[in-house]
Amino acid sequence: MSWLLVFPIAIPFATAVLAYLWRNGAEGKWISLAGSIGSLIASGLLMSAVLREGVIAGQMSNWDAPFGITLVADYLSAVMVVITAITGLATAIYAMGEIEARLERLGYHALFQVLIAGVTGAFLTGDLFNLYVWFEVMLIASFGLLVLGGSKAQLDAGIKYVALNLISTLVFLSGIGLLYGLTGTLNMADLRGAVAAVENQGLVTVIAMMFMVGFGVKAAVFPLFFWLPASYHTPSFAVSAVFAGLLTKVGVYALMRMFTLVFVGDVGFTHEILIWVSVLTMVTGVLGAAAQTDFRKILSFHIISQIGYMTLGLALFTPLALMGGVFYLVHHIIVKANLFLVAGVAQKLTGDTDLNRIGGLYKSSPWLAALFIVPAFSLAGFPPLSGFWAKYLIVMASIELQAWVITFFALLVGLLTIFSMTKIWGMAFWKPHPDGIEPVPERIPAAVRIPMMIPIVGLAAMTVGIGLFPEPFVQFAEVSAAQLLSPTDYVDTVLGVRGMAP
Amino acid sequence: MNSIIFSAGARILVALLLVFSVFMLLRGHNLPGGGFIGGLIAAVGFIVYMLACGTTQAKAALRVSPEALAMVGLLIALASGFVSILFGDPFFTGQWWWVGGDSYATAVVRPNTVLVFDVGVYLVVLGSIVSLACAFEEEV
């Protein structure tokens with residue numbers, strides 16, 4: 001059983017090695033594609049096992065928890081692993097069209113697969129220090145991807161990105177050290193009991209705040225988000241899509257995990273802070289986007305504002321809110337990655353990403369326009385798309401708590417999101433191209449265009465699918481939220497109290 | 001660096017460092033040492049050689065590209081983790097065998113997957129540190 005937990009991490013690693021060894025020929029991209037399909041199958045098997053058995057845990061190297069490294073998958077971890085594999089496959093297909101041979105020779109596919117392995121590892125690990133290691137794996141790989149190609153703008157973005165992320169990791173690592181000093185364990189399930197037993201709960205709250213800052217930088221919440229819009233618009237589009245879809249969500253996931261499993265001793269203090277951080281994140285993100293005129297910068301600021309909704313789901317800390325948070329997480333990864341992929345096609349067609357210098361897409365490429373509408377309006381929360389249900393759950397949760405201010409801001413930010421999306425629509429799609437270029441699809445050679453369009457169509461179909469048939473997804477999120485709020489199964493499975501099928 | 005003393009001394013030093021790195025790798029299971037520190041010492045050996053004779057010669061002495069070495073190392077380390085699937089143990093569980101002698105304690109050789117993993121780590125560290133050093137050396 002524990003092998004199911006290993007394959008989603010091991011396959012991308014093995015793929016990375018093979019893709020690197022064959023980086024000079026055309027084999028690299030096919031190896032990457034095959035590896036991504038393999039990861040998707042492995043994560044699908046993991047998901048089906050989790051649906052069947054509940055929480056699954058595996059003790060690596062056969063050292064029992066809390067001493068060894070535990071991999072553990074509950075509903076939340078499993079769905080994150082599946083969605084990572086889906087995003088990975090989508091961007092791997094997209095990269096077959098977009099990424100030039102020059103970047104492939106520098107090891108693009110290897111770095112990409114290592115990034116996927118790092119993200120998957122972070123979702124599956126049940127050990128805090130191991131989580132730190134996965135963060136480092138992600139950081140190294142993402143830094144490599146960010147500066148690959150070595151243009152001036154990329155290096156500038158890379159320095160900001162890596163400096164701020166290193167600070168976050170440092171705070172996180174100090175928090176781990178203090179927590180270990182206080183409790184003598186780093187296994188997350190074991191920590192739940194150990195932290196509750198600490199006499200001086202004030203110290204625990206201090207450490208909790210360190211974790212909030214560390215993960216907050218990763219998740220790009222207010223006021224720690226400034227590295228994100230400074231860097232996400234520089235790398236190739238496949239890279240920024242996978243960054244936008246997955247990287248910040250690892251921070252959100254880590255927050256969700258730690259602040260439901262371990263740091264629940266002083267919810268009135270920690271989660272209250274998180275509520276206002278979330279609201280400010282939502283508002284500043286969406287206002288920042290309103291001031292931008294670059295396609296990818298607008299989308300980058302929108303990542304921040306949407307992160308606010310997810311952390312709000314955690315901060316409100318009711319079953320309905322957490323359910324909304326989980327649903328939001330999944331919906332947003334699909335939608336956001338797709339929007340960046342569309343931006344890539346738009347850039348190839350019109351020659352730029354600055355909205356003032358492009359246009360005419362609706363007239364010349366109506367299909368692309370239709371495919372943009374789906375994720376864009378899903379992001380803004382239009383029914384019947386997936387974003388509607390995500391926002392609906394969060395808003396319902398805040399109404400249920402009679403937190404009217406939060407409800408007001410959640411709705412207002414949705415409205416302002418529509419403003420930004422219609423701005424992109426009006427400037428990139430509706431108005432004629434300022435240079436009189438007609439961005440017809442044939443401007444991109446078919447060998448590049450087809451792999452770039454497949455993932456866009458696929459992800460848009462998923463957005464519509466979740467929107468039209470939300471029932472199973474909502475139910476899934478409900479069970480997931482219940483598991484997060486009362487993690488007895490999680491703790492018992494990891495510590496070996498609850499027996500598992502061999 | 002053009003000092004004759006340094007380049008003559010470097011040859012002996014490199015040989016010593018490489019032998020020492022293997023020694024560290026092998027004693028690593030129960031005593032201080034192991035793949036990581038062994039790989040670092042071997043990398044130091046190649047860096048000394050690089051400083052004395054230049055990157056081209058050092059790369060020729062390594063015979064394969066350091067990046068490929070690191071990648072193969074990663075593959076070896078990963079593969080050693082998968083051996084335990086054959087014996088029904090979780091990922092990365094160490095598998096031990098013994099050859100010669102009557103029992104494990106008196107065996108002549110004790111092949112095991114833990115050492116294979118350490119060799120993988122050794123290659124990863126050696127490859128990545130040497131490729132980093134090459135990149136710095138070549139740019140200056």
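This is a predicted model: local features need pLDDT of at least 70, side-chain atom pairs count only at pLDDT 80 or more; totals for chains, interfaces and linings use all residues.
**Entry: a helix pair in chain A**

I looked up helix H8 (residues 188-196) and helix H11 (residues 237-261) of chain A, whose axes come within 9 Å and cross at roughly 40°. By the classes above, H8(A) and H11(A) are therefore oblique to each other. On the side of H8(A) I listed A:Met188, A:Ala189 and A:Arg192 as making the contact, and on the side of H11(A) I listed A:Arg257, A:Met258, A:Thr260 and A:Leu261. Sorted by class, this contact of H8(A) with H11(A) has 4 nonpolar, 1 polar and 2 charged residues.

Where in the chain do the two partners, A:Arg257 and A:Asp74, lie? A:Arg257 belongs to helix H11 of chain A, whereas A:Asp74 sits in the loop between strand E2 (70-73) and helix H3 (75-98), so that I noted a pair linking distant parts of the chain, 183 residues apart. Over all chains the count comes to 5 salt bridges.

**Entry: backbone of chain A**

Most residues other than glycine have a negative phi, and most peptide bonds are trans. With that in mind I noted two cis peptide bonds and one positive phi in chain A. A cis bond joins A:Phe222 and A:Pro223, with omega at about -5°, and A:Pro223 is placed in the loop between helix H9 (201-219) and helix H10 (227-231). The bond from A:Pro383 to A:Pro384 is also cis, with omega near 5°, and I found A:Pro384 in the loop between helix H16 (366-380) and helix H17 (386-400). A:Asn62 has a positive phi of about 65°, although this residue is not a glycine, and its place is in the loop between strand E1 (56-59) and E2 of chain A.

**Entry: chain B**

I counted 5 helices and 0 strands in chain B, and its C-alpha atoms fill a box of roughly 55 × 30 × 25 Å along the principal axes. Helix H1 (residues 4-27) and helix H2 (residues 35-53) of chain B pack at an angle of about 170°, their axes being 8 Å apart. That angle makes H1(B) roughly antiparallel to H2(B). I divided the residues of this contact of H1(B) with H2(B) into 19 nonpolar, 5 polar and 1 charged.

**Entry: where the chains meet**

How many residues of chain A and of chain B are in contact? I noted 15 residues of chain A against 16 residues of chain B, and the two chains bury about 1,400 Å² between them, 81% of it on carbon and sulfur atoms. A:Trp3, A:Val17 and A:Tyr20 supply 39% of the area that chain A buries against chain B, which is more than any other three residues supply. Helix H1 (residues 3-21) of chain A gives the most to the side that touches chain B, with 10 residues. By class, I recorded 11 nonpolar, 4 polar and no charged residues on that side of chain A. Across the interface the rule finds 0 salt bridges, while the count of residue pairs in polar contact between chain A and chain B, both at pLDDT 80 or more, is 3.

Methods:
Residues are numbered from 1 along each chain as its sequence is written. Chains are lettered from A and ligands numbered from 1 in the order in which they are written. Side-chain values use heavy atoms; hydrogens and water are left out. Contact means heavy atoms within 4.5 Å. Buried area is the accessible area (1.4 Å probe) that two parts lose on being put together, summed over both. A salt bridge is a side-chain nitrogen of Lys or Arg within 4 Å of a carboxyl oxygen of Asp or Glu. A polar contact is a pair of N or O atoms within 3.5 Å; within protein, one must be able to donate a hydrogen and the other to accept it, and residues adjacent in sequence count only if both atoms are side-chain atoms. Helices (H or I, at least four residues) and strands (E, at least two) are DSSP runs, numbered from the N terminus. Ala, Val, Leu, Ile, Met, Phe, Trp, Tyr, Cys and Pro count as nonpolar, Asp, Glu, Lys and Arg as charged, and the others, Gly among them, as polar. Axes are lines fitted to C-alpha atoms, for helices over the stretch in contact, and angles run from 0 to 180 degrees between N-to-C directions. Angles under 35 degrees count as roughly parallel, over 145 as roughly antiparallel, 65 to 115 as roughly perpendicular and the rest as oblique.
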